[in-house]
Amino acid sequence: MGSGKVLKCSFCEEPAITVVRYAKLRLCKKHFTEFVQRRVLKTIDRYGLVDRGWRVLVAVSGGKDSATLLHTLSTLSKELGFEVTALHIDLGIGKYSEKAKEAAEKLCKALEVPLVLLSLRELLSVELPELVAKSKRPACSVCGLVKRYLINTAALELGVQAVALGHHLDDLLPYIVKNFVLQNLGGISKLGPKTETEEVFVGRIRPLYEISESEAALYAHIQGLPVVEEVCPYAVRGESLEEEIRSFLNTVEAKRPGFKVAFARAVAKNIEFYREEAEESINKCEYCEMPTASNICAFCKLTARVLGKPMGSDVRSKVRRILAEVKTL
Ligand SMILES: [Zn+2]
Ligand SMILES: [Zn+2]
């Protein structure tokens, strides 16, 4: 647009703020908003992510992706007849977590979505940096493990039908490629648009499965959603294999618009095949009865090693108490 000429929206007289190349559309703010919402709606439809009457727990980190997720889901929930509740986990990563929590609270207030807040300090008496230092494991793996455990615990206690995660196309595709390269085909089954509910595991859905990172960011920006501007101090970008693959996929996308969405759809189509490759047995943890592939879950293993005691069942009862208070409010 260097010529100074303002391009018009494909649907109205307003100036276009973005070009969606794979859809061959130039869109103004209003029509871009509608475009994303319709795409999320179609994703829900195509993969059967939500049923009427369901209650969906939306994991909200304070970042732009989950803000876009919560906004689109709460908008669509009326039309599709389901309910949303938000969950934010305060990990205690200094200023970053404070800001993230503030953003999540503001967002839920603005959208009038009930918010469940869980704080690691309250549940374990330690925060993430201490867990990371003592466990001698990479921060992102400890963080992921703790979040997965708490999200599943909250979802079970609340009795929701699904947990919605803010993962978009550009989060998922690099891991799908990486798993394929390493021929860890079973791993791909967990990167599709949904995972099924099992006895002690609430199914995950990814309504942003066909939305790119830049679309999710633009949507949050246009809607003026409160998001944390700081980057997590543990985040390392630019050097990992996933990052290399991400930039490769974007190079292909630039030459062949629509490539990434087509790839995601092809994977989703074959997800049953990948699930058979996974063939993990799901057991219940000896200490806390939460799902695990072995006898002791990763959370109980971690806390036993770092804190001297497997904390799963303690944490579960604390979460139950917290949620009981939330319910009676
Ligand atoms: Zn328009
Ligand atoms: Zn356990």
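Lys24 is exposed, with a relative accessible area of 74%. In this predicted model, Lys24 sits in the loop between β1 and β2 (25-27). The backbone of Lys24 has a phi near 55 degrees, a positive value in a residue other than glycine. A positive phi is also found at Lys136, about 60 degrees, although Lys136 is not a glycine. Lys136 belongs to the loop between α5 (128-135) and α6 (139-158), and Lys136 is exposed, with a relative accessible area of 75%.

**Strand β1**

Val19 is part of strand β1. At 44% relative accessibility, Val19 counts as partly exposed, because the value falls between the 20% and 50% limits that separate buried from exposed residues. Residues up to four places away in sequence aside, Val19 touches Leu25 and Arg26.

**Zinc sites**

The zinc ion (ligand 1) is coordinated by Cys9 (SG), Cys12 (SG), Cys28 (SG) and His31 (ND1), at 2.0 to 2.3 Å. Along the chain, the donors of this ion follow the spacing C-x2-C-x15-C-x2-H. Cys12 lies in the segment before β1 (18-20) and His31 in helix α1 (residues 29-46), so this pair ties together parts that are 19 residues apart in sequence. The 4 donor atoms around the zinc ion (ligand 1) subtend angles of 101 to 114 degrees, and the arrangement is therefore tetrahedral. That assignment follows because four donors count as tetrahedral if all angles lie between 85 and 135 degrees. The ideal angle for four tetrahedral donors is 109.5 degrees. His31 is buried, with a relative accessible area of 12%.

Cys288 and Cys297 are buried.

**Packing of α7 and α10**

Two packed helices are described by the angle between their axes and the distance between the axes. Helix α7 (residues 169-181) packs against helix α10 (residues 241-255) at an angle of about 110 degrees, and their axes are 9 Å apart. The helices α7 and α10 are therefore roughly perpendicular to each other, because angles of 65 to 115 degrees fall in that class. On the α7 side, the contact is made by Asp170, Asp171, Leu173, Pro174, Tyr175, Val177 and Lys178. These meet Leu241, Glu242, Ile245, Arg246, Leu249 and Asn250 in α10. The residues of this contact of α7 with α10 divide into 7 nonpolar, 1 polar and 5 charged.

**Buried residues and their contacts**

| Residue | Relative accessible area |
|---|---|
| Ala154 | 0% |
| Ala264 | 0% |
| Leu91 | 9% |

Ala154 is found in helix α6. Neighbours within four places in sequence aside, Ala154 is in contact with Leu57, Leu87, Leu118, Val319 and Leu323. The C-alpha atoms of Ala154 and Arg316 are separated by 8.4 Å, although these residues are 162 residues apart along the chain.

Ala264 lies in helix α11 (residues 259-269). Leaving aside neighbours within four places in sequence, Ala264 is in contact with Leu169, Leu173 and Tyr209. Leu173 is also one of the α7 residues that meet α10. Between the C-alpha atoms of Ala264 and Leu225, 39 residues apart along the chain, the separation is 27 Å.

Leu91 is placed in the loop between β4 (83-90) and α3 (94-111). Apart from neighbours within four places in sequence, the contacts of Leu91 are Ser97, Leu120, Glu127, Leu128, Pro129, Cys143, Val146 and Lys147. The C-alpha atoms of Leu91 and Lys30 are 61 residues apart along the chain and are separated by 36 Å.

Key:
Residues numbered from 1 in each chain as written. Chains lettered and ligands numbered in written order. Predicted model: local features only at pLDDT ≥ 70, side-chain atom pairs only at ≥ 80, totals over all residues. Heavy atoms only, no water. Donors = N, O, S within 2.8 Å, 3.2 Å for Na, K, Ca; no water. Tetrahedral: all angles 85-135°; square planar, octahedral: opposite > 155°, others 65-115°. Helix = DSSP H or I, 4+ residues; strand = E, 2+ residues; numbered from the N terminus. Buried < 20%, exposed > 50% of the residue type's maximum accessible area, 1.4 Å probe, protein only. Axes fitted to C-alpha atoms, helices over the stretch in contact; angles between N-to-C directions. Parallel < 35°, antiparallel > 145°, perpendicular 65-115°, else oblique. Contact = heavy atoms within 4.5 Å. Nonpolar A, V, L, I, M, F, W, Y, C, P; charged D, E, K, R; others polar.
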